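Trainee: Could you walk me through this structure, please? I am still learning how to read one.

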Amino acid sequence: MSRDLDIVRARIYAVTPANTPPYRWTGQDGFVRITDNLLRLTAANGLEGWASNTSNAPHDDGAGAPERSAADRLHEIAPQVLGASALEREAVSERLLRTCDDPRRRAESLIDIALWDLMARAANQPLWQMLGGVRDVIPAYASTPVLETVEAYVAYVGDLAERGYRAAKLHTQCDPDWDLAMIDAVHDAHGKRMRFMLDVEQRYDLRTSVRVGQRLAELEFVWFEAPLPDADFVAYRELRRAVDVPIIPAGNTLTSLEDLRSGIEGGAWDHVRTGPSHNGGLTASIRAMGLADAHGMTVELQSYGYEGRKLAALHLALGLGNCDWFEQPVAETDYNYELAEPPVVDASGLIHAPTGPGLGAVPDWERIEAEAFLTFDLKD
Amino acid sequence: MADDLDITRVRGYALTPEQSVPTRYHGRMDRAAMNIELVRVTLAGGAEGAASYLSGWAGRAMGCFVNEVAAIAEQIVGHNAGRRAALTQTLLEEAGEGPWMGISMVDCAMWDAYGRAVGQPVYRLLGGYRERIPVYASTEAFLTMEEYLDVTKRFIAMGYPAIKFHMNTDPDFDLELVALITSAYGEGKVRFMTDQEQLCTFDEAVRLGQAMSKGPFDWLEAPLPDTDLDAYVALNEAVDVDILNAGNILVGLDNWREGLSRKAWSRLRFDVCNAGGISTAVKAMGLAKAMNVPVEIQSFGYQTAQLANLHVMLGMVGNTWFEHPAPSAPFDYPARSPIALDALGCVSAPRENGLGIEIDWAGVEQDAEIVFDSAA
């Protein structure tokens, strides 16, 4: 085997992008600061591959140290990729996942994605085509921040519609009365030109989920996401019996293929939700998409994060096909940091296949190096 | 690059290779011709891809699968090989129930051409899990015990670490063969499998499975009709030896999911050349991994078919054995450098790009009895 694509150097950067404000995804939580964790692999022949994912820590007015556990974990396992080849991604993935004791698998995911990126660059092919190239365009939904008033949601979603979005996923206060009022108001105002999803971040109980879910069914929501804790298959199954809106999990805590299978076989969800940047990478996600396809399900991929995370999910969705929507965090500028030309949703609410090799774009490493609060540089 | 990947021409050839030997899969049939049905796609940039399937058996007249390809040629020409899974998905949706020889061959040929165009072997595009895989010799069926025992000695001497018999399928004959193999090789390292070609009754399958579970047998394959999942479930419960489907009849992700969920089979068996191609196999491997069952991909066929299946076995985790028709020489067509058993009892992928097979197309054209050419 040619050793050209052996990994000789791994660099890890943790950055707190200044353009991202403190965030929260329910009205019940404190704000968090977002860290962008990037992995940059260099092969013996000089080609590079990369990947990224977010992590976060409580926002404490900037007094405390930024979140660094994700980068530290990456630093801990990255030596295992030195000397491995991008030509043997499946073997690397098997080794890493077999010994992985972190259910979030973020570090393993970034290694796998960066190897796929590198491989596709070596073939001078866009990654989605290397994966099979089922589709070259996919509709995007705007994944909203939490807003403080019903009026603010109506205005915000109106702006999204004006800009071409045809669907929006609402992150909400997660107070059911408030949420129902907001949902009705937003639907009244924009229901003729937009479709909606609701994401309540596992904060409802079963009774509340049934109550809200029934309304979502009447309003023909695309899906109801994460009403209950991911692992509570029994309650999920009850909910699915009681309401007629598609139910999907959060997909953050159940990451292994076995967990996804258990949820599917347990009748917990209508579709699967997971993401290549935290479930073990593209290798693991390809398997999840095969599993879901065999059950007639789509996998609604998470891509809430910076460009690296978005691109990995986008290529997978386009390459394998059984994913109906691309998740675009809004405001877009909050999560555009790594690339000079981030992927964009067009005026029809669609996102098109990248044309460059690999993930299709490379970060401005000099800038990221300059702004990183933490850097590791490992050499073979 | 995008334009270079456009398919400009698709051709099909059917012939009986000169080196081929009429073969029987079970003792109740006459020897059948081993025709090859070849597909050849050409991309705008010059790269070509090939795939094949067998005809000549069970009423499959020469040219039947070339005709399937001819029927979809208009959809193939002009399609971009970078988007091969899109074409396969569309064709499968239109086709209804499988198996799908024509569509699957086209998918494999597109992967071959794509791999050549981008300068990588297919198994590395898929994941590059490993460089070699253990092999079993897949024998033809015989009418006498002497022939079975003779090929067993011969293939073991050649270095095959395992042998799968296409069985006579006379119940008493088969039980006697299992007893003889158990007594002669029960303590050794060589492993055995049997293939019943879906011809057992349920009671025969139970008796055979019980006998095999006491010997050096890895699995009992295709004892019952592929579609009779109820009987497979009962059989799999009744015997200790692993039970495999035939994998030729009941194909597709939904059928495999159903069979595995119901525990009809101990392992998953399919052939990329009739089950939706490499694009579908990628997902099937994910399903099997999620279900925690080994995969035993079928690779009985000519070199083009052996290689398409081998690349999936090498590229992705989950498959145990490579099936090598034995003797192999009649099935080496149309490769100039066929796959060979190595000293470790394994086979490796060719080093060349795509599926890695070098074909003498001029020779194929000269020998072809039936030809389809989209450019004609």
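This is a predicted model: local features need pLDDT of at least 70, side-chain atom pairs count only at pLDDT 80 or more; totals for chains, interfaces and linings use all residues.

Trainee: Okay, which domains does chain B have?

Mentor: The domain assignment of chain B gives domain 1, made of 3-119 + 360-373, and domain 2, which covers 124-348. Taken over C-alpha atoms, the centres of these two domains of chain B are 23 Å apart, and their contact takes 35 residues from domain 1 and 34 residues from domain 2.

Trainee: And what gives the most to the domain 1 side of that contact?

Mentor: That is α4(B), with eight residues, while the elements of chain B that each supply at least two residues to this side are β2 (35-43), β3 (48-55), α3 and α4 (101-118). By class, the domain 1 side that touches domain 2 of chain B divides into 20 nonpolar, 10 polar and five charged residues.

Trainee: Switching to helix α1 of chain B, which of its residues are buried?

Mentor: In α1, residues 64-71 of chain B, the buried ones are B:Phe65, B:Val66, B:Glu68 and B:Val69.

Trainee: Why do they line one face of the helix?

Mentor: Looking down the axis of α1(B), you find the buried residues within an arc of 155°, so they line one face of the helix. As a general point, an α-helix has 3.6 residues a turn, so residues three or four places apart point the same way.

Trainee: What covers those buried residues?

Mentor: The cover over the buried residues of α1(B) includes β1 (7-15), β2, β3, α2 (73-76), α4 and β11 (370-373) of chain B.

Trainee: Now the two chains: how many residues are in contact?

Mentor: Chain B has 34 residues in contact with 32 residues of chain A. On the side of chain B that touches chain A, the largest share comes from α11(B), with 10 residues, and this side has 16 nonpolar, nine polar and nine charged residues.

Trainee: Last one: is A:Asp346 buried or exposed, and why?

Mentor: A:Asp346 is exposed, because there are 12 other C-beta atoms within 10 Å, and 12 or fewer is the cut-off for calling a residue exposed. A:Asp346 lies in the loop between β11 (326-329) and β12 (350-352) of chain A, and, leaving aside residues up to four places away in sequence, A:Asp346 touches A:Gly164 and A:His352.

Trainee: How far apart are A:Asp346 and A:Pro139?

Mentor: In sequence they are 207 residues apart, whereas in space they are 9.5 Å apart, C-alpha to C-alpha.

Note on methods:
Residues are numbered from 1 along each chain as its sequence is written. Chains are lettered from A and ligands numbered from 1 in the order in which they are written. Helices (H or I, at least four residues) and strands (E, at least two) are DSSP runs, numbered from the N terminus. A residue is buried if 20 or more other C-beta atoms lie within 10 Å of its own, exposed if 12 or fewer, and partly exposed in between; C-beta atoms are placed from the backbone. Two residues are in contact if their C-beta atoms, placed from the backbone, lie within 7 Å. Ala, Val, Leu, Ile, Met, Phe, Trp, Tyr, Cys and Pro count as nonpolar, Asp, Glu, Lys and Arg as charged, and the others, Gly among them, as polar. Domain bounds come from an automatic or database domain assignment. The arc is that of the directions from the helix axis to the C-beta atoms.
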